[in-house]
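Trainee: I would like to learn how to read a protein structure feature by feature. Could you take me through one?
Mentor: Gladly, let's open it up and look together.

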Amino acid sequence: MVIHINKPKISLYIASFYFFILIILFILWTQISLLISKIILFIILVTISYHIIWIFNTRYIINNGILEIHSLYGIKRIKLSKIKHIEKVEVPSFLKFVGSSFYTGYYNIKDVGRCFLAITNFYDSILIKDDNNYIITPRNPDAFMKLLKK
């Protein structure tokens with residue numbers, strides 16, 4: 001059995017957004033003297049750092065007839081035999097604005113419904129439907145879709 005590991009491209013905008021926020025919050029953290037404010041900002045800094053780590057560690061793995069989506073929220077497993085529909089889609093415009101700050105999670109998307117997203121860029125997205133909906137951004141989406149359809 002061949003294992004296919006797909007490491008998606010990382011959007012410069014998504015990564016830059018997180019790094020920019022991290023730098024701003026760190027500067028604020030160094031300037032604040034109130035202990036409770038320092039603690040709150042420290043927790044936020046750790047949370048954003050964790051997001052950055054996961055953006056760069058997002059993976060889509062096909063192994064033994066199962067697609068695994070490795071993201072911030074753990075591993076989602078989709079049996080390839082249960083996939084009902086796959087198509088290339090455009091990342092919804094509202095996610096291009098606010099979604100870049102939360103690259104993964106559940107969103108309600110018009111004409112799709114509730115959908116789990118694990119996106120690292122705004123241009124390689126594919127929609128996968130089984131009993132649930134998923135949008136991911138694999139590198140070389142056309143080739144990845146062929147692997148899913150085998």
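Trainee: Let me start with R77. Is R77 buried or exposed?
Mentor: This is a predicted model, so keep in mind that we are reading a prediction. R77 has a relative accessible area of 52%. Exposed means over 50%, so R77 counts as exposed.

Trainee: Which residue forms a salt bridge with R77?
Mentor: Here is the general idea: side chains of opposite charge can pair when their charged atoms come close. In this model the partner of R77 is E68, and their closest N and O atoms are 3.4 Å apart. E68 is buried, because its relative accessible area is 18% and the cut-off for buried is under 20%.

Trainee: How many salt bridges does the structure hold?
Mentor: It holds 3. One of them joins D131 and K84, at 3.0 Å from N to O. D131 sits in the loop between strand 8 (126-129) and strand 9 (133-136), while K84 sits in the loop between strand 4 and strand 5 (85-88). That pair links distant parts of the chain, 47 residues apart. Both D131 and K84 are exposed.

Trainee: And what is the N to O distance between D142 and K88?
Mentor: Their side chains meet in a salt bridge at 3.6 Å. D142 belongs to helix 4 (residues 141-149) and K88 to strand 5, so this pair ties together parts that are 54 residues apart in sequence. D142 is partly exposed at 45%, and K88 is partly exposed too, at 43%.

Trainee: How do side chains sit along a strand?
Mentor: In a regular strand the side chains alternate between the two faces of the sheet.

Trainee: Which strands form a hairpin with 3 residues between them?
Mentor: Strand 6 and strand 7 do, and D111 in the turn has a positive phi of about 70°. These two strands pair in the antiparallel sense over 6 bridges, with Y107 opposite C115 in strand 7. For contrast in direction, look at strand 7 and strand 9: they run parallel and are joined by 3 bridges. There, L117 has I135 in strand 9 as its bridge partner.

Trainee: Which residues have the most contacts inside the largest nonpolar core?
Mentor: They are Y18, I48, I109, C115, L117 and I135, in a core of 20 residues. Helix 1 (12-31), helix 2, strand 6 (104-109) and strand 7 (113-118) each supply at least two of its residues. Helix 2 gives the most, with 5 residues. Apart from this core lies another one of 18 residues, among them I86, F116, I128 and I136.

Technical notes. Residues numbered from 1 in each chain as written. Predicted model: local features only at pLDDT ≥ 70, side-chain atom pairs only at ≥ 80, totals over all residues. Heavy atoms only, no water. Core = buried A, V, L, I, M, F, W, Y, C linked by side-chain atoms within 4.5 Å. Buried < 20%, exposed > 50% of the residue type's maximum accessible area, 1.4 Å probe, protein only. Helix = DSSP H or I, 4+ residues; strand = E, 2+ residues; numbered from the N terminus. Salt bridge = Lys/Arg side-chain N within 4 Å of Asp/Glu carboxyl O. Pairing = 2+ DSSP bridges.
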